[in-house]
Amino acid sequence: MKPLLCIRHERTDTLGVARGAFEEEGVPIQVVDAWADCSWTGLDGVSALLVLGGAMNVDELDRHPYLAGERELLCEALGAGVPMMGVCLGAQLMARALEQPVVRAAERKCGFYPVFPTDEARRDPVASVFSAGDLEFHWNEDTFDLPRGATLLASSPGGTAAVYRVGERAWGIAFHPEVDRPELDGWIGQAGAAMEPVWGRSAEDLRKEAAERLPEHEERGRELFRRFARFVKQAAAG
C-alpha cells in the first residue's frame, strides 16, 4: 500500500494519537516538513494526505512561500479525489484551496470547546465519531466560513464550521483531534511567556484542564484516525 503523506508545519507537531492509530490499522505513513522538504509537491506514490496544523495564516506566502505549493497540491488532490484530512491549519488550507477566505477570528481559542454534529455527521464514515457537546481541543486564531459546496458535519458554539467534508473523500477539522499530553506540553513550551498575554491562559491552568479532558479526547481522536485509516485502505483497494 502506498503511504499516507503527513505534512507538518511545526517542529513540535508529533502527530499525537494519529501516529499510533495508523500503525494499528497497518497504514504506512510518510512524514514531511513543509518548510524543508519538497518531496510532498506531487501526489504520485501516496494513498492519502493528512495536513496538520501551524501558527501561520494561509495567506502568509511572503513569510512561508511553501504554502503556495501546498495549496496547489490540495487543489490537485481535491480534484483527483485523493482521500484527505486537514487539521486546524490543514482545514484552513483546504478551505483556501476552495477559494474560501480565512480571516482572523473575533477571539482566540485555546482550550477545550464543545462541538455539535449535524444529522449528516451521523451517516459519515469518519465524523460519526463525534457526539453533541464533545469537548475538543482548539488552539487557533483564524476562522473561515463553510466553503461553497462543502457539507457541514459539526459546528462550534459560535456557529462556525468545526468539521466539514468536501465531496465524499476529504475532511476538514478546525480543531486538534490528534493532540495528546506530550504534544500539548511541547506546544505550551513553545508558546512560553506568550501563553497568558496572547492566549489568555496560564500554562498551569491549561495543563489542569487537559488533565481532566484529555483521556476522553485522546480515545475519541484515536477512533477518528482509525476510521480515516480504514477509509484510506478501502479507497486504495478500489
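Mentor: Start with Gly86, which stands opposite Gly172 in β9. Strands here are DSSP E runs of at least two residues, helices are H or I runs of at least four, and both are numbered from the N terminus. Keep in mind that this is a predicted model, where local features need pLDDT of at least 70, side-chain atom pairs count only at pLDDT 80 or more, and totals for chains, interfaces and linings use all residues. Residues are numbered from 1 along each chain as its sequence is written, and side-chain values use heavy atoms, with hydrogens and water left out.

Trainee: Do β4 and β9 run parallel or antiparallel?

Mentor: Parallel: four bridges join β4 (residues 84-87) to β9 (residues 170-173). Two strands count as paired if DSSP finds at least two bridges between them.

Trainee: What's the strand order in the sheet?

Mentor: The order is β2-β1-β3-β4-β9-β8-β7-β5-β6, nine strands in an open sheet with mixed pairing. β2 (29-33) and β6 are the edge strands, each pairing on one side only. On average, neighbouring strands are turned by 20 degrees against each other, direction ignored; the axes behind that angle are lines fitted to C-alpha atoms.

Trainee: Which way do β7 and β8 pair?

Mentor: β7 (residues 151-155) and β8 (residues 161-166) are antiparallel, with four bridges. Ser155 has Ala161 in β8 as its bridge partner. Five residues lie between the strands of that hairpin, and Gly159 takes a positive phi near 90 degrees there.

Trainee: And how many bridges between β5 and β7?

Mentor: Two, in the antiparallel sense. Pro117 stands opposite Ala154 in β7.

Trainee: Which residues lie nearest its centre?

Mentor: Glu10, Gly54, Ala55, Trp139 and Trp199, out of 22 lining residues. β6 gives the most to that lining, four residues, while α3 (89-97), α5 (181-191) and α6 (195-199) are among the elements that each supply at least two. By class, the lining has ten nonpolar, seven polar and five charged residues, with Gly counted as polar.

Trainee: What about the second largest pocket, what lines that?

Mentor: That pocket has a volume of about 330 Å³ and 16 lining residues, with Ala105, Glu107, Lys109, Thr143 and Thr160 nearest its centre. β6 again gives the most, this time five residues.

Trainee: Last topic, α7. Where does α7 bend?

Mentor: At Arg213, by about 55 degrees, and Pro215 follows within four residues. The bend is the angle between axes fitted to the seven residues ending there and the seven starting there. Helix α7 (residues 203-236) spans only 42 Å between its end C-alpha atoms, whereas a straight helix of 34 residues would span 50 Å, taking 1.5 Å times one less than the number of residues.

Trainee: And what comes just after α7?

Mentor: Gly238, with a positive phi of about 85 degrees.

Methods: 1 Å grid on protein atoms, 1.4 Å probe; cavity = no way out; pocket = protein on both sides within 12 Å on 5 of 7 lines; lining within 4 Å. Points joined across faces, edges and corners; volume = space filled by probe spheres on them. Axes fitted to C-alpha atoms, helices over the stretch in contact; angles between N-to-C directions.
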